[in-house]
Amino acid sequence: MTYKLLWADDEIELLSAHIIFLQNKGYEVKRVTNGPDAIEACKEENFDLILLDENMPGLTGIETLAKIKEIHPATPVVMVTKSEEEDIMEQAIGSKIADYLIKPVNPNQILLTLKKNIHSKEILTEKTNSAYQQNFSRLAMQISDARTIEEWQEAYKKIVYWELMLENGDTQMHEMLKSQKDDANNMFGRFIKKNYMDWMASPREKRPLMSNDLFRERIFPLVDKGEKVFFIIIDNFRYDQWKVLAEEIGRDFAIEEELYTSILPTATQYARNAIFSGLMPKQIKEMFPNLWVDEEEEEGKNLNEEQLIETQIARYRRKDSFSYSKVLTSAAADKYIEAINNLSKNDINVLVINFIDMLSHARTESLMVRELAANEAAYRSITLSWIRHSAIKKLFGYLAENKYTVVITTDHGSIQVDTPTKVIGDKNTNTNLRYKLGKALNYSSKDVFEIKEPAKAFLPAPNLSTSYIFATGSSFFAYPNNYNYYVQYYKDTFQHGGISMEEMLVPLIKMKPKGN
């Protein structure tokens with residue numbers, strides 16, 4: 001591919017050796033001697049980069065730059081100047097130059113700025129692809145050797161790292177990584193099948209940090225140290241989404257990140273209620289029956305969260321003051337921030353943010369949203385766009401300024417499903433695509449994780465013969481009736497409730513204002 005350059009300089013004839021050097025490197029260079037000719041050339045054709053002399057007679061380089069940016073705002077412009085005066089540099093940078101060179105320039109300086117401003121993406125892609133190829137076997141071994149939850153967390157972090165590095169690169173590399181991630185999720189499913197029930201029977205020190213441990217082990221200790229705590233739960237929030245948001249919302253904070261393990265089912269009714277109550281679902285139902293809503297009931301499943309927090313604080317005989325709020329819309333976020341000063345008296349402020357969960361559901365139900373979030377990279381991009389342009393970003397600025405310790409987490413993640421698994425149940429079987437509970441479930445046991453004795457997993461059982469089944473990998477449950485329509489409708493949607501790294505290994509982030 002030949003790249004086209006425009007070089008505008010009133011002494012262009014003195015630069016012939018530089019231009020010949022660039023032509024020998026495969027660049028096509030158009031020469032002009034003044035600003036008006038540079039502007040006219042930009043009207044007639046597109047250039048990959050423009051070299052612009054700052055000190056041309058008549059229309060100056062700065063003035064020419066402004067006109068060029070009106071025509072081609074995205075074309076990189078490199079200012080070439082004899083002057084190192086600060087105000088000229090500030091004017092040029094303020095006008096969004098890509099780079100600047102100080103005369104006399106040498107050919108290697110020019111070549112370096114071309115690589116940086118034209119070729120950086122393809123160089124980065126080439127280097128990233130090469131690095132992933134070199135690390136492919138190492139990552140495969142890390143996945144196959146994972147025997148503990150900590151080793152699985154590290155393997156998942158590495159998968160997400162390469163996922164973000166490769167998302168705009170070579171399709172073949174991306175497909176290799178996807179295959180590797182699918183294999184990892186299948187092995188992770190086997191790991192959970194082997195260990196989950198043992199965890200349920202083990203004391204805390206012999207199992208992972210889980211949903212019901214968060215207040216006791218991550219929130220209360222901060223309050224005991226006298227810190228003002230903001231506990232933010234972003235529903236349906238994944239580790240990869242955190243990684244793309246981290247720079248956006250964490251610039252004013254020192255960040256400590258870890259992963260914890262969501263309980264099963266990885267669904268709000270179970271996992272988030274476990275966070276707020278500090279109890280497993282069966283314990284909530286037994287101790288606070290008025291605060292637990294069974295699957296078959298029409299009532300909302302997460303309407304009692306504030307009361308559950310209250311019961312946990314009381315159960316540990318604590319006197320912490322707290323607030324609980326839930327934000328569903330941008331208008332609600334604006335209103336919340338307007339009144340935020342009223343929350344300063346509390347030891348703990350809990351905020352639930354539902355945007356990502358709403359996006360996930362909207363993507364299933366709306367063809368337009370599905371097109372906008374067509375794949376994992378687009379899904380992350382929309383999440384990043386939301387945080388950049390919502391009132392929530394202002395919230396983090398306020399929290400940093402007012403010296404809050406911020407803990408960000410979620411109740412569960414989600415996975416993009418693609419493989420249907422047939423299941424048959426009676427009319428009372430729940431509708432979730434990643435887990436089912438009922439008394440007459442018919443399914444292929446090799447495709448699922450079965451819990452036939454829910455009490456041992458601290459799960460409520462509406463009937464004596466109730467069992468739970470969980471989808472693993474990227475599969476989802478489909479009924480035989482109207483099977484093809486059902487599969488076509490839900491294939492490639494983001495679902496939660498089952499067993500995957502994305503659903504179960506979820507971010508737990510502590511952020512302290514810098515300098516605090």
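1. Start at the end of helix H13. Just after H13, Arg317 takes a positive phi of about 55 degrees. This is a predicted model, and that backbone angle is computed from the predicted atoms.

2. Stay with H13 itself, residues 305-315. Which residues of H13 are buried? They are Glu305, Leu308, Ile309, Thr311, Gln312 and Ile313. Several elements cover them. Among these are helix H9 (214-224), helix H11 (268-277) and helix H12 (281-287). Strands E8 and E9 (348-353) also belong to the cover. An α-helix has 3.6 residues a turn, so residues three or four places apart point the same way.

3. Lys326 sits in strand E8 (residues 322-327) and Glu305 in H13, so the bridge ties together parts that are 21 residues apart in sequence. E8 is also part of what covers the buried residues of H13. Lys326, at 28%, is partly exposed.

4. Now the salt bridges as a set. How many does a search of the whole structure find? The total is 39. Side chains of opposite charge can pair when their charged atoms come close. Some of the bridges share partners. One network formed in this way joins Glu163, Glu167, Lys181, Arg238, Asp240, Glu376, Arg380 and Glu502.

5. The side chains of Glu248 and Arg388 meet at 3.1 Å, N to O. Glu248 lies in H10 (residues 239-249) and Arg388 in H17 (residues 376-389). These are distant parts of the chain, 140 residues apart. Is Glu248 buried or exposed? Its relative accessibility is 10%, so Glu248 counts as buried. Arg388 stands at 44% and counts as partly exposed.

6. H10 and H17 also pack together. Their axes come within 9 Å and cross at roughly 30 degrees. Angles under 35 degrees count as roughly parallel, so H10 is roughly parallel to H17. The crossing is right-handed. From H10, the contact uses Asp240, Gln241, Val244, Leu245, Glu248 and Ile249. From H17, it uses Glu376, Tyr379, Arg380, Thr383, Leu384, Trp386, Ile387 and Arg388.

7. H17 has another helix partner, H15 (residues 355-365). Here the axes come within 11 Å and cross at roughly 140 degrees. H15 and H17 are therefore oblique to each other. This crossing, too, is right-handed. Phe355, Ile356, Leu359 and Ser360 make the contact from the H15 side. Tyr379, Ile382, Thr383 and Trp386 make it from H17.

8. E1 (residues 3-8) pairs with E2 in the parallel sense over 6 bridges. In one of the bridge pairs, Lys4 has Glu28 of E2 as its partner.

9. Asp53 and Lys103 meet through their side chains at 3.4 Å, N to O. Asp53 lies in E3 and Lys103 in the loop between E5 and helix H5 (107-117), so the pair ties together parts 50 residues apart in sequence. Both residues are buried.

10. Last, a loop residue. Ser474 is found between strand E16 (467-471) and strand E17 (475-478). Its relative accessible area is 16%, so Ser474 is buried. Leaving aside neighbours within four places in sequence, Ser474 is in contact with Ile415, Gln416, Val417, Asp418, Thr419 and Arg434.

Terms used:
Residues numbered from 1 in each chain as written. Predicted model: local features only at pLDDT ≥ 70, side-chain atom pairs only at ≥ 80, totals over all residues. Heavy atoms only, no water. Pairing = 2+ DSSP bridges. Helix = DSSP H or I, 4+ residues; strand = E, 2+ residues; numbered from the N terminus. Salt bridge = Lys/Arg side-chain N within 4 Å of Asp/Glu carboxyl O. Buried < 20%, exposed > 50% of the residue type's maximum accessible area, 1.4 Å probe, protein only. Axes fitted to C-alpha atoms, helices over the stretch in contact; angles between N-to-C directions. Parallel < 35°, antiparallel > 145°, perpendicular 65-115°, else oblique. Left-handed = near helix turned anticlockwise from the far one by under 90°. Contact = heavy atoms within 4.5 Å.
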